Amino acid sequence: MPLNILIVGAGVCGPALATLLQRSNPGHSITVVERSSSLRVAGQQIDLKDQGVQVVRKMGLMDTFKSYCVDETGLEILNPNGKPTAVFGINPSGQRRPTLTAEYEIMRGDVLKVLYEASLEQDSKLRRGPGKAGSLTYQFDQTISKLTQSDDCVEVTFSDGQKRRYDLVVGADGQGSRTRRLAFGQDTSDEAFQSLGVHAAYYSIPRIPGEGTLARAYIAPGRRLMITRTSGRPVTQVLLFTMKDTERMKTSYSGPVDEQKAAFAEAFADAGWQADRFLSGLKACNDFYAHEVGQIKMKQLYSGRVVLLGDAGYCPSPFTGMGTTGCLIGAYVLAGELARQGDDVAMALKAYDEIMRPPIAECQKMPGAALGAFFPSSQLGAWVVRNALWAMSWMDQVTLRLMSQEKHGWRLPEYPELNLVS
């Protein structure tokens, strides 16, 4: 039975789910609303791993994704003089090893563009095909302000005052999801966020000679970490992480971007290595984004006919590298259960919630060492961490694989109802 579905958020999750829904039932009417005035193609480098690779293959998009992969060959750990003390290679898909670089590294904007264009292409094919097709509509500069539920629908009030009814509302609007807040309440939404005590900033600066295909990380005293990723591109991505001045950081998020930039500039003023260059670039950049790092842990992923997808329901944090993979798994399972259960939306959402528990736990699993160990407060502590990483980088690869590879017990379910590539 065709459904009238609203997807809130046109990030990675929204277009992925829209494409999968179209493939399963051409009669679905799908609306994707996005609060930004256009597709938000900015963002940092992201990983495609494990079951996420399988989903992309099933969607028939693997070759396209591969064509957008960036040229990052590993990660080097630097000392205060900028000299490498340890080097880690690429982590093959399906393994969990102590390195930043996955086999498939793609810029967020390119991932989004591939999925967005795939959804539009699928919509175009359906409109040209025989029979009555549904529709796919993207509405930008629009968000939701109220949800009113009944047994068989959700009445949605939009930011422009319009009201419409839907069979299903999907919150794919990120870690700070407004959909989660409106459907589950402020208290439940706040409780779901579990802070890791780290604050992060991401932005781009001009590349300089000598920055090649290796990502670079510098562990600074004062509980700070700086990472750069150039990946053969004309700009360098800067990632700043700190467990210092947490209250100052939290306060800055409620202010303008300039205030957030000032907070990070103060925190990293004496960090060493290339901090002066990074903070100079911070002032001029126009793609700055900062947030408190945490995980979203919901006891239930749906309320009535409103369901959460991706970071809105189970954000794993950047430190797992599993955000995009978790999003794709969720879109695949949600679309699959909606296709399998027919017009029984309640049963589909219940099954989605149950099936997603193991992969969510897998995606949210943090690295073995306590996160705080990578944020030493003293010069001596930073030296100890660098040398521990040096020892790890020189360990026999077989031993390292035995220590770090996860044997994933969860397998991606098969949904022939989705009409995907087998």
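Predicted model: local features only at pLDDT ≥ 70, side-chain atom pairs only at ≥ 80, totals over all residues.
Is the crossing of α1 and α11 left-handed or right-handed? It is right-handed, where right-handed means that the near helix is turned clockwise from the far one by less than a right angle, and left-handed means anticlockwise.

Residues are numbered from 1 along each chain as its sequence is written, and side-chain values use heavy atoms, with hydrogens and water left out. The protein has a mean pLDDT of 89, with 91% of its residues at 70 or more; pLDDT is the predictor's confidence in each residue, from 0 to 100. Over residues 403-407 pLDDT stays under 50, and the model has ten contacts for them beyond four places in sequence (contact: heavy atoms within 4.5 Å).

Back to α1 and α11. Their axes are 9 Å apart and the packing angle is about 30 degrees. Axes are lines fitted to C-alpha atoms, for helices over the stretch in contact, and angles run from 0 to 180 degrees between N-to-C directions. That makes the two helices, α1 and α11, roughly parallel; angles under 35 degrees count as roughly parallel, over 145 as roughly antiparallel, 65 to 115 as roughly perpendicular and the rest as oblique. Residues of α1 in this contact include Leu17, Leu20 and Leu21, and those of α11 include Ala331, Leu334 and Leu338. By class, there are 13 nonpolar, one polar and no charged residues. Nonpolar here is Ala, Val, Leu, Ile, Met, Phe, Trp, Tyr, Cys and Pro; charged is Asp, Glu, Lys and Arg; the others, Gly among them, are polar.

Next, α1 (residues 13-24) with α4 (residues 108-128): the angle is about 25 degrees and the axes lie 8 Å apart. α1 and α4 are therefore roughly parallel, but their crossing is left-handed. Among the contact residues are Thr19, Gln22 and Arg23 of α1 and Gln122, Asp123 and Leu126 of α4. That contact has eight nonpolar, four polar and two charged residues.

Then α11 (residues 323-341) with α12 (residues 345-364), which pack at about 155 degrees with axes 9 Å apart. α11 and α12 are therefore roughly antiparallel, and their crossing is right-handed. The contact includes Gly326, Ile329 and Glu337 of α11, and Tyr352, Ile355 and Cys363 of α12. Its classes are 13 nonpolar, three polar and one charged.

Helices (H or I, at least four residues) and strands (E, at least two) are DSSP runs, numbered from the N terminus.
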